[in-house]
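Biologist: Could you pick one part of this structure and take me through it closely? After that, please show me what is around it.

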Amino acid sequence: LPKNHISHYDLNKLTVTPDALVNKEEVLILTPMSKFVPEYWANLNKLSYDHNLITLGFILPRTKEGDHALKSLESAIKKTQSNQGKFKKITILRQDSNSLESQLEKDRHALKVQKERRSMMALARNSLVFSTMSPATSWVLWLDADIIESPQTLLQDLMAHDKPVISANVYQRYVDDKTKQESIRPYDFNNWVESEEGLKIAAGLKDDEIVVEGYAEMATYRPLMAHYYDANGDVSTEMALDGVGGGAVLVKADVHRDGAMFPSFPFYHLIETEGFAKMAKRLGYDVFGLPNYLVYHFNE
Ligand code: GDP
Ligand code: MN
């Protein structure tokens, strides 16, 4: 430690490049976690980016479910951190804000709870990023706790695009009831391009009302990245987006440093991750998605 207890960081020298590994750029992987999914942990540990350059940050709700997840996470961490390939640093936060009572899929996806749920998620994400980002962080990867499968090169692959914000396409594996065949289907509909209809709906809302995507009651006709997946297409195909989900999104840390966060209030009638995309764009950053680059969500 310097004698005078002053640490100097020249943010001008902090690089954020497609050659991140060569330049030893530090990555902060952030995960809000209501449950611990072992496959998520296994997948995270298989990422091939240098773990010495990776810091992990978690935020868990102050509920019974959160207590349970915390125990599992801590015991998983104990094993990993005593091995080679341990991460540089791990921070676990307990939420001071509220969270939903029921995390059952049908309850948490009901239209009437979206504003409340997404707004609580926004507060949790903001606490997480503002408490864990350091002056040495070059990149932030938002990775949900139920993303159970991705390429091992997830970080390098997303970094290679050199975009301020870039989202993978979140799919889900399932077994077709009729054919008994294993198949895949779109999961996250929050990666979208704004539409005339979407803007029209927003224009008719009261100040405190929001537009949420993926509900028939609110037909936006927005082009959804989930529907642009082409199994035979180039995995590096890019698509400009106006809204993103939180499943697997890589953000240049400067975007957050400049003030882009997850609005817990209607921002252009958008909140949480979709509001974040809007805020990044208002700050002058472009937002992209990779329709043919899939990661997989846990199937409850
Ligand atoms: P969905 O996939 O859109 O249905 O959203 P999820 O319920 O999976 O939530 C997104 C992410 O936030 C996942 O990583 C969850 O584990 C996590 N999560 C969900 N609810 C809470 C909460 O109340 N507090 C915190 N800290 N994390 C949560
Ligand atoms: Mn999820």
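Modeller: Let us take strand β4, residues 137-143, which is mostly covered: seven of its seven residues are buried. Here buried means that 20 or more other C-beta atoms lie within 10 Å of the residue's own; exposed means 12 or fewer, and partly exposed is in between, with C-beta atoms placed from the backbone. Helices (H or I, at least four residues) and strands (E, at least two) are DSSP runs, numbered from the N terminus.

A note on the source. This is a predicted model, in which local features need pLDDT of at least 70 and side-chain atom pairs count only at pLDDT 80 or more, while totals for chains, interfaces and linings use all residues. Residues are numbered from 1 along each chain as its sequence is written, with chains lettered from A and ligands numbered from 1 in the order in which they are written.

Now look at the partners of β4. Two strands pair if DSSP finds at least two bridges between them. With β1, the pairing of β4 is parallel and has five bridges. There, E26 is bridged to T137 of β4. With β9, residues 248-252, β4 pairs in the antiparallel sense, again over five bridges. W142 has V249 as its bridge partner in β9.

α4 gives the largest share, three residues. In total, 18 residues surround the ligand, and P32, P61, S99, D144 and A145 are the closest. A residue counts as near a molecule or strand if its C-beta atom, placed from the backbone, lies within 6 Å of it. The shell holds 10 nonpolar, four polar and four charged residues. Ala, Val, Leu, Ile, Met, Phe, Trp, Tyr, Cys and Pro are classed as nonpolar; Asp, Glu, Lys and Arg are charged; the others, Gly among them, are polar.

Next, helix α1, residues 38-45. Y40, N43 and L44 are buried in it. Down the axis of α1, the buried residues fall within an arc of 100°, so they line one face. That arc is taken from the directions from the helix axis to the C-beta atoms. P38 and A42 are exposed on the other side of α1. The buried residues of α1 pack against β5 (147-149). Contact means C-beta atoms, placed from the backbone, within 7 Å.

Strand β10, residues 287-297, holds Y293. Y293 counts as buried because it has 24 C-beta neighbours inside 10 Å. Beyond its neighbours within four places in sequence, Y293 contacts D157, A168, N169 and V235.

Most residues other than glycine have a negative phi. H5, in the segment before β1, has a positive phi near 60°. With 6 C-beta neighbours inside 10 Å, H5 is exposed. K24 lies in the segment before β1 too, and its phi is positive, about 55°. K24 has 13 such neighbours inside 10 Å, so it counts as partly exposed.

Finally, step back. The protein has eight helices and 10 strands. Buried residues make up 41% of its 300 residues. Its C-alpha trace spans about 60 × 45 × 45 Å along the principal axes.

Terms used. Two residues are in contact if their C-beta atoms, placed from the backbone, lie within 7 Å.
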